[in-house]
Amino acid sequence: MPLPSPRTPRSAPRPDTATGPARPGPARALSLRSGLAAAAALALALAAPLASATTASGAASPSETQATAQAQGDVIRVASKGFVDNFNPFTTQYALPIVMLRHTYEYLVGYDQEKGAPTAGIAEKWETSKDGKTWTFHIRPNMQWSDGEPITAADAAYTYNTMLKNPALAASNGAMVKDFAGVDATDDTTFVIRLRRPQAANPGLETAIVPEHVWSKQDPAKFANDKDVVGSGPFVISEYKPNQHITLTANPHFWRGAPKVKGVEFVNYSNPDASVQALKSNEVDLVSGLNPQQFESLQNQDGIATNLGQARRFVSLALNPGAADAKGKRYGTGNAALEDVKVRQAIRRGTDLDALRQQVMRDNAAPALGIIPATWKDWTLAPDDGVKLGYDVEAAKKLLDEAGWKEGEGGIRTKDGKKLSLRFLEDSESTTDQTTADYLVPWMKKIGIDLHVDATDADTQVDRIGKGDYDMYVSPWAVPPDPDYQLQINTCDSRPGEGGNGPTTQDFYCNPKFDELYDRQHVEQDQAKRQELVRQAQRIHYTDSAEIMLWYPKAAEAYRSDRFTGFGKQPTNDGSIVGQAGYWDYYLAEPVGEGSQQSGGMSPGLWIGVGIAVVCGAGGVLYFLRRRSTADERA
């Protein structure tokens, strides 16, 4: 059916550029634990420096650009947007640093490129005991940290014990080790994890192993880890200047072999249109997080290749079901009407999701039902799953009638003398937020809900979400290949204290029936049975409607094919370059030949400029300790 006339649009809306875990918690989680950690998500938007950038354009200042304008054929120039709190894998809460850490530290067990399945990392192989409670990991011999020191099982033991013994670190990483009874390094190449109960997911996933000889000399709860970084991944962080850049350079000691590029450069860009122009003018090599118009403008351009790949993200309309901590103590300013599932379901049924997806994303997104995106085919809900509740205005009105909200003046519902008035917390920089609000306002009025747009900047939005100071907002998350983490952050125990202190939650969701299914899938060893339990949990989450899935976005990316080739995608055949649960993107890239040097770039290393990371999630991915990043992945 035709779209309603949207409210008066803002002038010159700017397209979103961030890719990912959007919120502090999710994004980070995504990249640190599940490839979430998570984008999503992680996901982050990429754009590059303009030779004559201006403050108004959102690019690096002219002096900064001139100081670094030394393009090299073996350095990938990328642009990004995201907030950095630190580069500490135990405590960082944002998507952008999580992405950096994903490339800097190898995990005990990684995710493969083909489909995100567990694969060798620091451990070359592993086995479990018959009762499923003891996992033995065999550390690859003769590996080295980037400073040449040996990598041993003692480093893994130090990393896990640090999380187990330090309450300040358990707050953000505790979910990864909550079932651990203990860990031991029995010799240099043998590391053992002892569990209190069996679990389905490999316990070696989603934890970055850090060098004991560096971290034992620091307070791991306060260590910023932003200079002289020692890592084990394909790249290491070599320089960080707040609001200017982050530099990653190739690690010659990486166990898979040194990258074919010397580094990758990322520069801060708040204006995505400028980054698109920079790609066209050969001043940047890779852009991501493109909206449909930007993506189309880059197709069939000489020297530019585009990729529209599967992404590990979802974008949802998050409703405040009643912000509370793990003990059920309420806080925040959420409208109590949203604690009624019938009101939340009415919002779902009163939203034309197909029309909205087409309006915002065109063909760059797929229909979404559950919290596990279609990229992870073993766990997602099918688009035609029987739980689906379609767009139906009359059904929405009936649900509000049943909830006791009766039509009043102007068609707005009232109950006990109060109007049904809700706030849409909008990131004023986000085109997705703006367009979604433009259509939600008249749709909600049609069923009797008075929806007001509460626009603010991204930092304030993140802060208010952590405090439960909202009714609804657009919430993007990046999701790891194994569903355990994304399910876990929807359990009652994952709800943090006021201000976001404590565990990572997706959106304050709590249902004991969901928790029971989470616990069952957590320990289920039969893959088929576990898949069904995961789908049952998603159906409960869908019906409760604390979040309304808007779409599964595709990764719209473009790069200079006349300068670089071989960018690794995940999944291999139809996946994304940016926002992976791994480091295949830049690690597999290589220059297109000796004569490919161009002017207008920057110096060796991966530079990521800092913008603002917003809600979206790492084992913890894309807020609180959720890792969120502007309108893209929390994860």
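The following exercises, each with a worked solution, concern the predicted model shown above.

Residues are numbered from 1 along each chain as its sequence is written. In this predicted model, local features need pLDDT of at least 70 and side-chain atom pairs count only at pLDDT 80 or more, while totals for chains, interfaces and linings use all residues, and side-chain values use heavy atoms, with hydrogens and water left out.

**Exercise 1. Overall composition**

Task: State how many helices and strands the protein has, and what percentage of its residues is buried.

Solution. Helices (H or I, at least four residues) and strands (E, at least two) are taken as DSSP runs, numbered from the N terminus. On this basis the protein has 17 helices and 24 strands. For burial, the cut-offs are under 20% relative accessible area for buried, over 50% for exposed, and partly exposed in between (1.4 Å probe, protein chains only). Of the 635 residues, 63% are buried. The accessible surface, from the Shrake-Rupley method with a 1.4 Å probe and with only the protein chains shown counting as cover for residues, is about 21,700 Å². Carbon and sulfur atoms account for 46% of that surface.

**Exercise 2. The disulfide**

Task: Identify which cysteines form a disulfide, and describe where in the chain they lie.

Solution. The criterion is a pair of cysteine sulfur atoms within 2.5 Å, and the count comes to one disulfide. The partners are Cys492 and Cys510, with sulfur atoms 2.0 Å apart. Both cysteines lie in the loop between helix H14 (484–488) and helix H15 (512–523), 18 residues apart. The link is right-handed, with 90 degrees about the S-S bond. Cys492 counts as buried because its relative accessibility is 9%, whereas Cys510, at 33%, counts as partly exposed.

**Exercise 3. Surroundings of strand E22**

Task: Determine how many residues of strand E22 are buried, and which strands pair with E22.

Solution. Strand E22 spans residues 555–560, and six of its six residues are buried, so the strand is largely enclosed by the rest of the structure. In a regular strand the side chains alternate between the two faces of the sheet. Here one side carries Ala555, Glu557 and Tyr559 and the other Ala556, Ala558 and Arg560, and both faces are covered.

For pairing, DSSP must find at least two bridges between two strands. Strand E11 (residues 286–287) pairs with E22 in the antiparallel sense over two bridges, with Val287 as the bridge partner of Ala558. Strand E12 (residues 304–309) is likewise antiparallel to E22, over six bridges; Ile304 stands opposite Arg560.

**Exercise 4. Salt bridges**

Task: State how many salt bridges the whole structure holds, and explain which parts the pair Asp519 and Arg197 ties together.

Solution. The search finds 24 salt bridges. In one of them, the closest N and O atoms of Asp519 and Arg197 are 3.8 Å apart. Asp519 lies in helix H15 and Arg197 in the loop between strand E7 (190–195) and helix H6 (212–215), so the pair ties together parts 322 residues apart in sequence. Asp519 is partly exposed at 35% relative accessibility, and Arg197 is partly exposed at 26%.

A further pair is Arg530 and Asp482, at 2.9 Å from N to O. Arg530 belongs to helix H16 (residues 527–544) and Asp482 to the loop between strand E20 (472–478) and H14, so parts 48 residues apart in sequence are tied together. Arg530 is buried, with a relative accessible area of 3%, and Asp482 is buried at 15%. Shared partners also join Arg423, Asp454, Arg464, Asp469 and Asp471 into one salt-bridge network.

Note on methods. Salt bridge = Lys/Arg side-chain N within 4 Å of Asp/Glu carboxyl O.
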